[in-house]
Amino acid sequence: MKVFPAIKYKACIFDLDGTLLDSLDVWREVDRIFLSRRGLTFTDEYGEAVSSMKLELAADYTIRLFGLSERTQDIIDEWMELAREAYAFRIQPKPYGIELLRQLREKGIPAAIATTSQKELYIPALKRLGIFDLFDAITDSDTVNCGKDRPDIFLEAARAIKTEPKDCIVFEDTIKGISSARKAGFITIGFLDPETPQIHDDIKEAAHFTAFDFKNFLEI
């Protein structure tokens, strides 16, 4: 793992699923159940592919990939129904994430969210955890019409908190998200989730720095 230097920054942008929220196993279970209902098998490649997409794009991708004769909205509705309970009652933050958010607020450093998740999922989770009001802006799948293979969602979040990309840390766990944010000029921290060790090397290659949790940023 790369050693953290004294990073100069003016704001932070957080991905939610797999980065701030420990929700990756929930979405992998959603994918497994959804595919098994159709006699299909979940693969790590499929999970990585859809993880950086907004739900509409992920549903369209799934229809094309498996040749499904289903409507995009019906697939989204099924995914949402499978995930809703977990967000409302079970999903927890990654270690030291809440502490870092409170520290940023105390120091007057803006914090934003950039997520392809849906409001009806993440807002109940953030409110239950007591951190919804610690963010100065939220950019989500309703704000931009693309996935994280393009930097639009990060750029919009930076505009919302009035910060240039070069002065902003992006915390992200997908290879596509890390790569697009870095190309757009952001400082990138790639999160290594224990559930996906097969992509750790690629994340280390894509990001400026990597981490398993937020503890190092408290120490900085």
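This is a predicted model: local features need pLDDT of at least 70, side-chain atom pairs count only at pLDDT 80 or more; totals for chains, interfaces and linings use all residues.
1. Glu-156 comes out as partly exposed, with a relative accessible area of 26%; here buried means under 20% relative accessible area, exposed over 50%, and partly exposed in between, using a 1.4 Å probe and protein chains only. Arg-159 is exposed at 53%. The side chains of Glu-156 and Arg-159 meet in a salt bridge, 3.0 Å from N to O (a side-chain nitrogen of Lys or Arg within 4 Å of a carboxyl oxygen of Asp or Glu). Both residues sit in helix α7 (residues 152-160), three residues apart, about one turn of the helix; helices are DSSP runs of H or I with at least four residues, strands are E runs of at least two, and both are numbered from the N terminus.

2. Residues are numbered from 1 along each chain as its sequence is written, and side-chain values use heavy atoms, with hydrogens and water left out.

3. Across the whole structure, a search finds 18 salt bridges. One to look at is Asp-193 with Lys-94, at 3.3 Å from N to O. Asp-193 is in the loop between β5 (187-191) and α9 (200-206) and Lys-94 in the loop between α4 and α5 (97-107), so this pair ties together parts that are 99 residues apart in sequence. Both ends are buried: Asp-193 at 2% relative accessibility and Lys-94 at 5%.

4. Arg-150 and Asp-152 form another salt bridge, their closest N and O atoms being 3.0 Å apart. Arg-150 counts as partly exposed at 42%, and Asp-152 does too, at 23%. There's also a network of salt bridges linking Arg-37, Arg-38, Glu-70 and Glu-78.

5. On helix packing, the axes of α1 (residues 24-36) and α4 (residues 72-89) come within 10 Å and cross at roughly 140 degrees. Axes are lines fitted to C-alpha atoms, for helices over the stretch in contact, and angles run from 0 to 180 degrees between N-to-C directions. That makes α1 oblique to α4, since under 35 degrees counts as roughly parallel, over 145 as roughly antiparallel, 65 to 115 as roughly perpendicular and the rest as oblique.

6. Who makes that contact (heavy atoms within 4.5 Å)? On α1 the residues include Trp-27 and Phe-34, and on α4 they include Glu-78, Trp-79 and Tyr-87.

Key. Contact means heavy atoms within 4.5 Å.
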